[in-house]
Amino acid sequence: MPNIRVLRDLKARRGVAANEISRRAYLYVARNQALPAQVRYQAQLQLNTFGRYTRPTTVKNRCTESGRGRGIISEFGLCRFQFRQKALAGELPGVHKASW
């Protein structure tokens, strides 16, 4: 069973992907100095109504096995420790221990 942190990160990724276009449109309107202040204010209010997991900053790379948030090898989605264990067990295609 996946770690709760991994599930939360997946939820955040889905939320960001679902609301990305509308959030960017509201951000553009809210930051555009050429528009009237009332229109910009309304756009800012609409931005505030979005949920917590629709912000791109809530997405964090996490290990899919352990939920660890540091030392992530993004190509595999694993932390360095899990990457090493899976590589030594031969579970990662194309990865083997180097020796020279």
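Student: Q46: buried or exposed, or something in between?
Tutor: Q46 is partly exposed, at 36% relative accessibility. Partly exposed sits between buried, under 20% relative accessible area, and exposed, over 50%, using a 1.4 Å probe and protein chains only.

Student: What kind of model is this, and how is it numbered?
Tutor: It is a predicted model, where local features need pLDDT of at least 70, side-chain atom pairs count only at pLDDT 80 or more, and totals for chains, interfaces and linings use all residues. Residues are numbered from 1 along each chain as its sequence is written, and side-chain values use heavy atoms, without hydrogens and water.

Student: Which helix holds Q46?
Tutor: Helix α2, residues 37-49. Helices are DSSP runs of H or I with at least four residues, strands are runs of E with at least two, and numbering goes from the N terminus.

Student: Switching to D9. Buried or exposed?
Tutor: D9 is buried, with a relative accessible area of 9%. D9 lies in helix α1, residues 4-31.

Student: What does its side chain reach?
Tutor: The D9 side chain comes to 2.9 Å from the backbone nitrogen of K60.

Student: Which residues does D9 contact beyond four places in sequence?
Tutor: T58, V59, K60 and R62. Contact means heavy atoms within 4.5 Å.

Student: Which residues line the largest pocket?
Tutor: D9 is one of them, along with R5, R8, A12, R52, Y53, T58, K60 and R62. A pocket is an open set of points on a 1 Å grid over the protein atoms alone, where a 1.4 Å probe fits, with protein on both sides within 12 Å along at least five of seven lines; lining residues have an atom within 4 Å of a point.

Student: What's the lining like by class?
Tutor: Six charged, two nonpolar and one polar. Asp, Glu, Lys and Arg count as charged; Ala, Val, Leu, Ile, Met, Phe, Trp, Tyr, Cys and Pro as nonpolar; the others, Gly among them, as polar.

Student: Now the largest nonpolar core. Which residues?
Tutor: Six: C63, L78, C79, F83, A87 and L92.

Methods
A nonpolar core is a set of buried Ala, Val, Leu, Ile, Met, Phe, Trp, Tyr and Cys residues joined through side-chain atoms within 4.5 Å. A polar contact is a pair of N or O atoms within 3.5 Å; within protein, one must be able to donate a hydrogen and the other to accept it, and residues adjacent in sequence count only if both atoms are side-chain atoms.
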